[in-house]
Amino acid sequence: MTDVHQFNNITLGGRISSSRGTLKVSNTMFMWRTEGGRIITVLPVDLAKAFWIRLYHRVFQLKLQLKLGTSIKFDGFRESDHDVLKSFLEDNFQVSLEPQTIASKGTNWGEFVVQGPVISMTIDEKQAFEIPLSEISNATMQPNSKNEVVLELNQDSTLEDEDESLVDIRFFIPNRPSDDTTKKTTAQMFHQSILDKVDVSATSGKGIATLPHIPLLTPRGKYDIELFPTFMKLHGISYDYKIAYDSVARLFQLPKPDQTHVFFIASLDPPIRQGATKYPHLVMNFSRDTRLSVNLNITPELKEKFPNLPESFDNTEAFDIVNKLFHILTTRKITTPSSFKSHGGTSAIRCALKANEGFLYPLERSFFFVHKPPTYIRFEEIASVEFARVSSGVNQVSNRTFDLVVQLTDEVVQQFTGILRQEYTTLFNFIVAKKIRIVNPDESTELSAPTESGSKADQNQEGGEKRVTLDSMVDDEDSEEDEDFVGGDESSDEDEVDDDDEGEDEATPKKSEKDKEKSKKRREDSTEKPKKKPKISDA
């Protein structure tokens, strides 16, 4: 009968808020399984050493060092578990359980050592921590300092949104005398050694292809994009980024209204980072005249994994090459504009977001504003939209531009300003067709669709097209009073619109005769000099 020991509530060491699981130890393997189905196993032939480490009061860690140099840690053991594990490892694995003391002095400086696939930091010859190179997604140098190196870590996709995880670690490395003839600082040499080690541990063989001088708007600059079987690397003048294909959530190809450029966008989850700045979208801006010739390094294994991958591109449009390669390698569908057409016949509307001009693309299931800041809004996240500044003044005169205010379900508000009034009807009809709630911000009531009744001032002067105004449902005291009069010799602007106020009277309640008399008296008292008495209409 096989002897099996089970330990509950064990977490994977080296991670913050890692999922809890069950560790089963038998004479054939160590197997850790979470409720979500994640499994990690360690076979006896792979095990080199085992260490018992006290993390804090009454909580211990089992560290299994493998023959390849890496280690797997399990946290959450009790002190009473030591004897059970020690005897089991000696009897079945022929490995002794050695105690190990970690540095707890409290200082934040020490010595870095890169040994095989692990980076370790020691303080007073005691290990403070170690980082497997396989957990490092990227290493960058800070632009304003030649002594700072940032290690960005892979993110665990099995964690919940509210869970915390370690994202990056920043090191300050003072310069030291060196025999290096390239005049690099100690930090630069450490940075390069990390990149070399990460490349060796994460890739096998050459990259699939390199796309040179690809123009990006965010992060801004020209980058060489190097494609690998499971990730891509962006090489810029100041920064390098490593992006796993699994972190590419969506792809978009959006033609620019000038018909000479194309936006190609890759939405990332989690986003890439540059210091404290996050970039959730890669926005590439291609000219239709730019063409490239690219040869791909296709191996039999790669051809089996991606059968649709072409061997080369000869004098092909650059955006078309990126389109096909990203679609095949990430296995993501590319979203293109819907049937929406603006007043000018394009797929986008020119507007501004946070004082930055750009283009708003109404897509089949979302809005996308490009490019600064790139903003993606799904229709299911929208609580309501409001049309602001459609008209102004007592006379309901249409403005040249209006704003679209989008209220999200999480109470965040996005306001797109400076939209030409010619786009109103098309955008209104599109939003109505998508069954998105439209409200009047002043009255908090549903905003009705354009109708044929209304004042002359509400008509489009160019084509006579009716427009809904935000003030059409607001009481206009002056217009109510003057509807019984016909303008005399000294007609005012108010007299010009009084004859056509019947459309507004249907949307507002009638005032009583007593209220009208009071309003009339107030106006007469406030008049500084007498005016010519208007003639009473025969009607």
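## Aromatic pairs

F93 is buried, at a relative accessible area of 6%. Buried means under 20% relative accessible area, exposed over 50%, and partly exposed in between, with a 1.4 Å probe and protein chains only. This is a predicted model: local features need pLDDT of at least 70, side-chain atom pairs count only at pLDDT 80 or more, and totals for chains, interfaces and linings use all residues. Residues are numbered from 1 along each chain as its sequence is written, and side-chain values use heavy atoms, leaving out hydrogens and water.

The whole structure holds 25 aromatic pairs. Rings of Phe, Tyr and Trp (its six-membered ring) pair if their centres lie within 6.5 Å; planes under 30 degrees apart count as stacked, over 60 as edge-to-face and the rest as tilted. Two of the pairs are set out below.

| Pair | Centre distance | Plane angle | Class |
|---|---|---|---|
| F88 and F93 | 6.2 Å | 50 degrees | tilted |
| F112 and F129 | 6.4 Å | 70 degrees | edge-to-face |

F88 is buried, with a relative accessible area of 5%. F112 is partly exposed at 26% relative accessibility, and F129 is partly exposed at 28%. F112 sits in strand β9 (residues 111–115) and F129 in strand β11 (residues 126–132), so their pair ties together parts that are 17 residues apart in sequence. Helices (H or I, at least four residues) and strands (E, at least two) are DSSP runs, numbered from the N terminus.

One aromatic cluster is made up of F7, W52, F60 and F77.

## Sheet

F60 stands opposite F77 in β7. Strands β6 (residues 59–66) and β7 (residues 71–77) run antiparallel and are joined by six bridges. Two strands pair if DSSP finds at least two bridges between them.

What is the strand order of the open sheet of eight strands? The order is β4-β3-β2-β1-β7-β6-β5-β8, with mixed pairing. At the edges are β4 (39–42) and β8 (97–100), each pairing on one side only. From one strand to the next, the twist averages 30 degrees.

Helix α1 (residues 81–93) lies across β1 (5–12), β2 (20–25), β3 (30–34), β5 (47–56), β6, β7 and β8. Helix α1 runs at about 175 degrees to β5. Axes are lines fitted to C-alpha atoms, for helices over the stretch in contact, and angles run from 0 to 180 degrees between N-to-C directions.

## Nonpolar cores

The largest nonpolar core has 41 residues; L211, L227, M232, L234, L282 and M284 touch the most other members. A nonpolar core is a set of buried Ala, Val, Leu, Ile, Met, Phe, Trp, Tyr and Cys residues joined through side-chain atoms within 4.5 Å. Helix α4 (residues 318–330) gives the most to this core, with eight residues. Beyond four places in sequence, L211 is in contact with Y223, D224, I225, L227, V294, I321, V322 and L325. Contact means heavy atoms within 4.5 Å. A second, separate core of 26 residues includes F379, V406, L408 and F430.

## D403

D403 is found in strand β32 (residues 401–408). Is D403 buried or exposed? At 5% relative accessibility, D403 counts as buried. Its side chain makes a polar contact with the side chain of Q415 at 3.2 Å. A polar contact is a pair of N or O atoms within 3.5 Å; within protein, one must be able to donate a hydrogen and the other to accept it, and residues adjacent in sequence count only if both atoms are side-chain atoms. The backbone nitrogen of G418 also lies 3.2 Å from a polar atom of the D403 side chain.
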